[in-house]
Amino acid sequence: MALNNFDSTSDLDVIEYDWQISPTPKRIYITISSEPAFGGLLISNGIIGNRKPVVKFHSKWFYDSTFGHNSMKMGDTGACLYKLKGDNYFLELANWRPFNLHDPAADWLSTYPLVSGICKWLYSNQFTEVVSLSSSVIHGFIDSPKYLQFPPEELYILDTQSAKYIQKPAKPKNKKQQLMLSPPHYLFTRVWAEYLPTGKSLNVVAGSEGIDSIDIKSVNTLSTWLRSQGITISQKSIDKTYAEIKKAQKEESVAISENLISNKVKPSNNGVMYG
């Protein structure tokens, strides 16, 4: 990829490779590949397939826990924009900061500048529609009767402009379903609705089997909807990613077991593992 343009603000660096501004209205789909239960990673790889990014975004607000870790690949940090069929694009947020439900102010401070910066770039490049793709996995972190879990076969589409569902299950598990969205999924559509009131802002949310699962059924639900929108999904990429996750989980489990046996200690129960 040859660099064709570079732009920078205090919150966002934009590296444009194969990109030119055109007056054609464009739609962008957005995921977070670091979400719990691997749903974001699976659907991201299914959308990307063998594509190369046309634009990369870097920022101090992205989360990178490495410190001189040379096994990290260049494409693993920040966010990448991919060209899909027609006037459709896909933005993968590769490593968003872990959410902190106990400190919403911190989430807001680390989320808003980055969302705002990307939305400004989208606005100046003639995008008209922002579609956020996620699952209800975050409901598993909240012990609240207000935000109920729902099965991965169910799909809700919330129109931010009207604050109403434009699609929901014919026979939902819960009669009154409310959605809790993670900070970036919540803010991307709402900031975009303010930037372009005549545009479209949608949250497309599939159910989830929970934080301790691999959300493959949620991915299947999202994939079905995306295909109905004319988006090509690489099932081969999804299957490969799924196999890699299972292998990594097995290796981690074996390593933990061997460590417990060699040290003759009991496992700790004071931590939470997810995703």
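**Close-up views of a predicted model**

C119 is buried, at 0% relative accessibility; buried means under 20% relative accessible area, exposed over 50%, and partly exposed in between (1.4 Å probe, protein chains only). This is a predicted model: local features need pLDDT of at least 70, side-chain atom pairs count only at pLDDT 80 or more, and totals for chains, interfaces and linings use all residues. Residues are numbered from 1 along each chain as its sequence is written, and side-chain values use heavy atoms, leaving out hydrogens and water.

**View 1. Cysteines without disulfides.** The structure has zero disulfides (pairs of cysteine sulfur atoms within 2.5 Å). C80 is buried, with a relative accessible area of 3%.

**View 2. The R27–E129 salt bridge.** A salt bridge puts a side-chain nitrogen of Lys or Arg within 4 Å of a carboxyl oxygen of Asp or Glu. The count is two. In one of them, R27 meets E129 at 2.6 Å, N to O. R27 belongs to strand β3 (residues 26-32) and E129 to strand β7 (residues 127-135), so the pair ties together parts 102 residues apart in sequence. Strands (E, at least two residues) and helices (H or I, at least four) are DSSP runs, numbered from the N terminus. R27 is buried, at 12% relative accessible area.

**View 3. The K217–E209 salt bridge.** The closest N and O atoms of K217 and E209 are 3.7 Å apart. K217 is partly exposed, at 40% relative accessible area. E209 is partly exposed too, at 43%.

**View 4. The largest nonpolar core.** A nonpolar core is a set of buried Ala, Val, Leu, Ile, Met, Phe, Trp, Tyr and Cys residues joined through side-chain atoms within 4.5 Å. The largest has 29 residues; F57, L81, L91 and L93 touch the most other members. Elements giving two or more residues include β4 (55-58), β5 (79-83), β6 (88-93) and α2 (104-124). The most come from α2, with six residues. Leaving out residues up to four places away in sequence, the contacts of F57 (heavy atoms within 4.5 Å) include L12, F62, L81, L91, I118 and W121. Another core lies apart, with 26 residues, among them C80, V131, V204 and I231.

**View 5. Helices α1 and α4 crossing.** The axes of α1 (residues 39-48) and α4 (residues 216-228) come within 9 Å and cross at roughly 35°. Axes are lines fitted to C-alpha atoms, for helices over the stretch in contact, with angles from 0 to 180 degrees between N-to-C directions. G39, L42, I43 and I47 of α1 contact I216, V219, L222, S223 and L226 of α4.
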